[in-house]
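This report describes one protein model, shown below. Please keep the sequence and the structure in view while reading.

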Amino acid sequence: MATRKKITGRFNSAATGILVATAGLTLAARQRRMEKARLHARRLELEELAIRRESLAHQQRMHWELLTRAIDDPSLAEVIDTYDKDIPAERRRQFFYANAWYVNLYHVYRAGLVDRDELYAALREFFQSPIFREYWEAARHMRASLSETSEEARVGRMVDRLVQDLDEADTDEWWVVGTPPTD
């Protein structure tokens, strides 16, 4: 009997060892598959981001090209000119140019090339120009049509607060006026 118990015990130990080893190998294989799936998903995310950035860059180039044509040819500008017709044509052309700069800054921000603080600092500088401020006010009705929850509307509200801060500032040191939002 004693011999039989020892042999059975050895088989149980061997079976347990094989079972543990198999479970370990199965777990390792599963972890490799999960890691491979995670890496694949990350690669897809990065590819999608690259395509999105490329699309934004293409859209920005198209916007600039179309706007340049409108600036160069007043008959083409009439197609997109929604500014008050009491504003002189030369000023409206300047508004198109100001819009091109604003859209450029906005797309640079959206592409992740500058953060919100850097966008804010650049806009603070642009709004030192009276023409840029006049453009911003003249384009108010255009911004009013944006979805309240869109990123473009959020940036617009940030700029509105910046302009208000600049108007209310009691310092000539405009580069220190206002605080970028942290939302």
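Trp64 lies in helix H1, which covers residues 2–72; helices (H or I, at least four residues) are DSSP runs, numbered from the N terminus. The model is predicted: local features need pLDDT of at least 70, side-chain atom pairs count only at pLDDT 80 or more, and totals for chains, interfaces and linings use all residues. Residues are numbered from 1 along each chain as its sequence is written, and side-chain values use heavy atoms, without hydrogens and water.

With a relative accessible area of 42%, Trp64 is partly exposed. Buried means under 20% relative accessible area, exposed over 50%, and partly exposed in between (1.4 Å probe, protein chains only).

## His107 in helix H3

His107 belongs to helix H3 (residues 89–110). Its relative accessibility is 10%, so His107 counts as buried. Leaving aside residues up to four places away in sequence, His107 touches Leu56, Gln59 and Gln60; contact means heavy atoms within 4.5 Å.

## Helix H5 and its buried face

The buried residues of H5 are Phe132, Tyr135, Trp136 and Ala138. Seen down the axis of H5, these residues fall within an arc of 165°, so they line one face of the helix. The arc is that of the directions from the helix axis to the C-beta atoms. The buried residues of H5 pack against H3, H4 (116–126), H6 (140–143) and H7 (151–168).

## Confidence

The protein averages a pLDDT of 84, and 90% of the residues score at least 70; pLDDT is the predictor's confidence in each residue, from 0 to 100. Confidence is lowest in H1, with a mean of 81, and highest in H5 (residues 130–138), at 94.

Note on methods
Helices (H or I, at least four residues) and strands (E, at least two) are DSSP runs, numbered from the N terminus.
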